[in-house]
Amino acid sequence: MGRRRRRQPDPADAARALPEAIAALSRTLPAAPSPEIFRRAKFDRPEAAPALWRLLFHVLSPLSADSASVSFTLVDGPPELASPIAEAQVRWVKSVLHSQGYPRLALVQLQDDGSQGGRELLLALAWLLARGPLPERLLTQSHVRLGDEMPVCECEALASPGPPAPRVEAEGSVDIRHLQWLMGKLQLRWRNLMAGQQEQCALLGKIHSYTRGCHSDRSLGHLSVTETELLRDPEGGRQLLQRLETENARLEAALEWRHRELVFWRWMDTVLDTCPLEASPPTFLPRIPEPGAGAAGLPVRELQALQEELQALQEELRKAVEARRAAWQAAVGGHGPEWRAARRALQVAVAQDLAALQWAWEQGKGQARPHGPRRLVRTEARVPGRLGLWATEATEALRAREACLEAMLHQLQGQCRQELARLVGVRPGLIWVPPPAR
Amino acid sequence: MLPAECSRRLVAELRDALDSCAELQRQLEQSLRVSRRLLRAWEPAETPAPEPTPGPEINEEAPSSACPPSPQDLKELELLTQALEKAVRVRKGLSKAGEGVKAHSLKSGSTSPATRASAPPSTSHCAGSCAPGTKPPRGIRHPWVPAKDLPGRRLLLVGDGAHMGKGAGANKPEAGLRDQQIIPQAAPPVPEAFTLKDKGALLRLPEAFRKAASRNARLWAQLSSMQTGDSVDAAAATAKTQFLQKMQTAAGQPGSRLSSAEVGRLQKACSLLRLRMREELTADPKDWTQEYRSLLTLEGLQALVGQCLHRLQELRSAVVEQPQGPWPEGPPRAASPCGGGADPMWSPQLLLYSSTEELQTLAALRLRVAMLDQQVHLEKVLMAELLPLLSEQEPLGRPWLALCRAAHCLLCEGGQRFLTVLRDEPADRLSPP
């Protein structure tokens, strides 16, 4: 009757592997379309394009500092049916991809209404996925924080201002007194911030000590504000739990994706093969480089600022070295032969020191510790075996940075003083009485 | 008055700074609100009871598992309650002598020995108790406390049978009025409102939450360990590299692109070098070895700075050479002093502190560093705009003097103090400027 079935690797398995990989990817990325859309995108079907534009937008915006400035339409329900992507968002996606170094020009040639280009967008997504751990990064960014977090690295405590309030543009000329007024307002705001921050720390300290012994995790010991709040407010607690479970689902999908992704890359090779080869250097007139933009999105302004900083540093070092070298030359003498040996030893030591310093920025991870916000834990002082950063150590590091910044500020102010003195010195007949020293 | 372009730029910068502060303030105020609320007495309806593990029984008013009453019903209840209270007052007045230890009081201010930290009026109490949801799935149980010995026993609390078990044993689960509506009444052993200070140590996190949180931690740990490759991972890594190369060659453009990582490295180098220089310059050498070492270090730093500048020049000339494409104008990217952005993978990291002062010092220092950073930036911007302005303006008249004075204040004193300008005239009058 029938043939005898032989034990072969079931071709259906191999056929299933790709959809399952894409399904895992779709479950772990935010706002991802169904696997079917991916398949259609390979053949450049029109219905794939809007969904993929939306996906790229959602993938790129959490990781970009200025996404707030591009208005966001929240996606509710199946991504395919959500409102069409706006032109501004399409342009934004293009510019971000470019600034990250996306090599293909076909992307920028797509229309801004977001109706075409499914295959190109698929390639762009794959490109982003290939360059780094994208799902993990997104998950980290949206991670549900259960503790009271405080960042201790040198990252700005001031994030970007958020969506800028609709502001009336400055009408033009202002009096310098307006600037003084704004400065005063700024100082007042800082004072308020500091006071508020002190209060918040005091409250945190109390909450932590009152809930000591409550946490199931012994290494933490006490509850955080988030956890206490969920006990006080069951409804909020339910929502928190829901978010946690969503994140768990996405984490599982990410793990699955990692296991299965090989078959996806093989498939992407075939997608790339179906693309027509891009023309060699396209025939367009190079735009005059604008002051704000540069290749790979490096603003010339940024490079200029860096150069100026380095030059200022160089100048300061030059002066210090000159002074000390001169002092040294004057003082040296009367050092015996043991001096030569000691000198060599010192040279070696300093060279090693500086090499370590250089390594700190050459390597990708210059930080001894990974940075990012840390969960606050109140604990007895100096209990051995606790894994974590001690507040006292973090304070030390910050003090160094504070001193550095203060010195920089004073130096700049001194420069200004000199410059102004030079300017007013031109005019005789005036006495400039500086304010009393503090 | 300042020229328009200059004004616009400076005002924009200052407003940006103000907006950043405002955003921080907003976040801070939100946290403060939450924290303050937690430290106050918690609303009775939300008061948690410990899970079925030891802990003192907390008799509290309970929310109803029935549907919430309508506002009109609440009003009626209020009226009923008031009538009752009046009746009690009258009765008490009449039978004062024989009352004895009738300590059970109604909500109206009778002499109840029970301490009441908070005594919300019955209607709001009712509203508060009508929190959505039926039996809360977490360790928050709200036992019914039926009224005890209400004069006349006309109104009784009706409880959900499931809740009955808990609560003071002496209470009588009277059938009375089987009313679906809540009739919150006197809670004779009046519950003390829950405060974190007194009873915080009794809290326990709900089971479902604990499970989800530990699963979360486990999944993150698994994901992190995947980074350190195994065979599957290595194959995928190769496939990815090949794909990227193919993308690059399939594109028409020349491959050499400046990575912003390079610039990030240089920025980091700059800040590390500056920090190191600061340390050396402020250190106090005690003997000649230290002096010499310091000198060598400074010279070494100088050499490194030179190298960085050289590399930067190379980068800049490369940037200028490449033609700009038809890419849309991108937004300027903020430089991150941390050099490269956050870790791609979350991992639980702790910040340990042992006293509130430690925490406050750290937080204050963080803010101070941020403020100084902002000030340095503003100083540079102001210098760039104002100094050229002053040197350009030739007529050294009154307005110029005023401008100078204001500029001095802004630039040299951080906008805080002013200098005084005196005209040094001989006795005989000179013509005014």
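Modeller: With a cut-off: a residue counts as buried when its relative accessible area is under 20%, and as exposed when that area is over 50%. The model is a predicted one. In helix 8 of chain A, the buried residues are V225(A), E227(A), T228(A), E229(A), L230(A), L231(A) and R232(A). Helix 8 covers residues 225-232, and seven of its eight residues are buried.

Biologist: Which residues of helix 6 of chain A are buried?

Modeller: They are L134(A), P135(A), E136(A), L138(A), L139(A) and T140(A). Helix 6 spans residues 134-141, and with six of its eight residues buried it is mostly covered.

Biologist: How many helices and strands does each chain have?

Modeller: Chain A has 12 helices and four strands. Chain B has 12 helices and two strands. Along the sequence, chain B reads α-α-α-α-α-α-α-α-α-α-β-α-α-β.

Biologist: What share of the contacts joins residues 24 or more positions apart?

Modeller: Taking contacts with a separation of 6 or more, such pairs account for 69% in chain A and 68% in chain B.

Biologist: How do I read a nonpolar core?

Modeller: In soluble globular proteins, nonpolar side chains tend to be buried together. Here the largest nonpolar core has 87 residues, and L386(B) and L411(B) touch the most other members. Helix 11 of chain B, residues 356-392, gives the largest share of this core, 18 residues. A second, separate core has 51 residues, among them L18(A), F38(A), V90(A) and L138(A).

Biologist: Which residues are in contact with L411(B), apart from its neighbours within four places in sequence?

Modeller: From chain A, Q413(A) and C416(A); from chain B, E379(B), L382(B), M383(B), L386(B) and L387(B).

Biologist: How is the interface between the two chains described?

Modeller: The size of an interface is often given as the accessible area lost when the parts come together. Chain A and chain B bury about 21400 Å² between them, and carbon and sulfur atoms give 68% of that area. R232(A), R324(A) and W361(A) supply 4% of what chain A buries against chain B, more than any other three residues. Counted by contacts, 220 residues of chain A meet 196 residues of chain B.

Biologist: How many salt bridges cross the interface of chain A and chain B?

Modeller: The rule finds 16. One salt bridge joins the side chains of D273(A) and K246(B), at 3.1 Å from N to O.

Biologist: Is N248(A) buried or exposed?

Modeller: N248(A) is buried, because its relative accessibility is 0%. This residue belongs to helix 9 of chain A, residues 234-274. Beyond neighbours within four places in sequence, N248(A) is in contact with A212(B), R215(B), N216(B) and L219(B).

Biologist: What can ring pairs in a helix tell me?

Modeller: An α-helix has 3.6 residues a turn, so residues three or four places apart point the same way. F264(A) and W267(A) are three residues apart in helix 9 of chain A, so about one helical turn separates them. Their rings form a tilted aromatic pair, 6.0 Å centre to centre with 50° between the planes. Both F264(A) and W267(A) are buried. Ring pairs link W257(A), F264(A), W265(A), W267(A) and F243(B) into a cluster. Over all chains, the count is nine aromatic pairs.

Biologist: What should I look for in backbone angles?

Modeller: Most residues other than glycine have a negative phi. A31(A) is not a glycine, yet its phi is positive, about 60°. A31(A) sits in the loop between helix 1 (11-28) and helix 2 (35-42) of chain A. With a relative accessible area of 22%, A31(A) is partly exposed.

Biologist: Where does D44(A) lie?

Modeller: D44(A) is in the loop between helix 2 and helix 3 (48-60) of chain A. Phi of D44(A) is positive too, near 60°. D44(A) counts as partly exposed because its relative accessible area is 36%.

Terms used: Residues numbered from 1 in each chain as written. Chains lettered and ligands numbered in written order. Predicted model: local features only at pLDDT ≥ 70, side-chain atom pairs only at ≥ 80, totals over all residues. Heavy atoms only, no water. Contact = heavy atoms within 4.5 Å. Core = buried A, V, L, I, M, F, W, Y, C linked by side-chain atoms within 4.5 Å. Buried < 20%, exposed > 50% of the residue type's maximum accessible area, 1.4 Å probe, protein only. Phe/Tyr/Trp six-rings, centres within 6.5 Å; stacked < 30°, edge-to-face > 60°. Buried area = accessible area lost by both parts, 1.4 Å probe. Salt bridge = Lys/Arg side-chain N within 4 Å of Asp/Glu carboxyl O.
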